[in-house]
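The notes are grouped by topic.

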Amino acid sequence: MQSHSHGAHSGHGHVQHEEHAHRHVDEDMLSVEEAYQRVISCFSPLGAETVPLMESLGRVLAVDVHSPLDLPPLANSAMDGYAVRRDDIGGAGANAPRKLDVIGLVAAGQVSSQEVTSGTAIRIMTGAPVPHGADTVVPFEETDEVQRRKAGQSLDQINIQADLPMGANVRPSGEDVSSGELVLTAGTPIRAAEIGVLASLGLDAAEVRRSPVVAILATGDELFPAGRPLEPGKIYDSNSFSVAAAVLACGGTPRLLGVARDNLEDLQGKLEQTAGSDLVITSAGVSKGDYDIVKDVLTQRGEMNFWSVRMRPAKPLAFGHLDGPGGSAIPLLGLPGNPVSAMVAFEMFARPAIRTMLGYRRLARPKVQGVLTAPIFNYDGRRVYARVEVTRTDGIYYASPAGPQGSNILTSMSRANGLAICPEDLPKKDAGETVDIIMLDWNEEVEV
Ligand code: AMP
Ligand code: MG
């Protein structure tokens, strides 16, 4: 039901579209792969910087990290119990308890100065270093401690009621990591677990690849800032914000330059502010019906290519660079103006570029295969990226079109958690057919 309204095409019959498919293939169009290669080949990982540990989340390690210490530093107890000598408890059982003198207590954070000698035990808490002389920890549950407490007896002595193997419930020093060991390699993405590992080594900073500064510039005389009643003929600028959020979400550092009007002075002025950024992303002004001024200015200020990419949405794409001071150059990606096109083009080209600069080796979103619940149509031999809601039932993924697929229908992007692909050489993918799906999110509806 959802898929039958395809924006500008909704007034036409599907049969007619199928007949027309492939007829008007524009030979100048680049394949998605070709455009991707041309873009991605211009990017490489940025330099390293040392940042406070918490700021390294989502970044990529620039150097190998070797451990400065053993982890755990000292052999310690895995349980609350009694540190004993294994030789003292051989053959112990519920009906053959071994009585030991309790000579002390050691809690986490302390080091006992006492030694466990034959016939003695030291009460020990989880994480406390195992005292000299002890080699095994007997948990409380394997002793008569509870009965003693109930009976109001002293804990100066304890009955051990189990025979445990040598070393039971003792975590040896260096069990996790030994001093000097390579713990994390350069190129490792930093998640919560890596933050934890680095913190466990006593590190309060990490050497990571720099986060690219991405200047974001919307263009168009119709764009109007949020927070004020809309004037006639205007629309609110959404691309600046969806793109900035997408930059943030993939680990980049957005720098919002606002809106450039469709005139020479304004656009040139805004482009001055791109200095020092690692990537410039513009939106709009790259399709055929535009004021040529955007294209002209970009071309004058650097080297720009304007491409048609064999995909829907997001056919028009600009890519090149702006000249900076001293012969430097800043890559510029010109996204199409339609809000969904801008986001899909960002997904396909900008996100991998940003991830490359961050030092990630895996650039693509995860893909799954799923069964379509409604058809996806391909009107003109482009690769279709349909916004879909992906769910999983009994181990099978299902993709349902997330509403009308017009490139201006941003709410269907909001409903989607994936992009289902209809290849360029097929007129449609039918309900029941299996498609490749790019997963944008693994939301709660997708059980993994
Ligand atoms: P253009 O590429 O300039 O022809 O723009 C294509 C469509 O996208 C037009 O309908 C524009 O109004 C719309 N558009 C352009 N920029 C934005 C923006 N920043 N936010 C929302 N819509 C936009
Ligand atoms: Mg425009």
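Helices (H or I, at least four residues) and strands (E, at least two) are DSSP runs, numbered from the N terminus. By that numbering, Ser277 lies in the loop between α7 (264-272) and β16 (279-283). This is a predicted model, in which local features need pLDDT of at least 70 and side-chain atom pairs count only at pLDDT 80 or more, while totals for chains, interfaces and linings use all residues. Residues are numbered from 1 along each chain as its sequence is written, chains are lettered from A and ligands numbered from 1 in the order in which they are written, and side-chain values use heavy atoms, with hydrogens and water left out.

**Sheet**
- Six strands make up an open sheet with mixed pairing, in the order β15-β12-β16-β20-β19-β17; two strands pair if DSSP finds at least two bridges between them.
- β15 (253-260) and β17 are the edge strands, each pairing on one side only.
- From one strand to the next, the twist averages 20°; axes are lines fitted to C-alpha atoms, for helices over the stretch in contact, and angles run from 0 to 180 degrees between N-to-C directions.
- β16 and β20 run parallel and are joined by four bridges.
- Thr282 has Gly334 in β20 as its bridge partner.

**Helices on the sheet**
- α2 packs on the sheet and touches β17, β19 and β20, where contact means heavy atoms within 4.5 Å.
- The direction of α2 makes about 165° with that of β17.
- α7 also packs on the sheet, touching β12 (213-219), β15 and β19, and its direction makes about 165° with that of β15.

**Helix α2**
- In α2 (residues 32-40), the buried residues are Val32, Ala35, Val39 and Ile40; buried means under 20% relative accessible area, exposed over 50%, and partly exposed in between (1.4 Å probe, protein chains only).
- Viewed down the axis of α2, these buried residues fall within an arc of 120°, so they line one face of the helix; the arc is that of the directions from the helix axis to the C-beta atoms.
- The elements that the buried residues of α2 pack against include α9 (339-358) and β23 (383-393).
- Tyr36 lies in α2 and is partly exposed, with a relative accessible area of 25%.
- Not counting residues up to four places away in sequence, Tyr36 touches Met348, Phe349, Pro352 and Leu363.

**Ser277**
- Ser277 counts as buried at 7% relative accessibility.
- A polar atom of the Ser277 side chain lies 2.4 Å from the backbone oxygen of Thr274.
- Beyond four places in sequence, Ser277 touches Val213, Ala215, Arg255 and Ile330.

Definitions and conventions: Polar contact = N/O pair within 3.5 Å; in protein donor to acceptor, adjacent residues only side chain to side chain.
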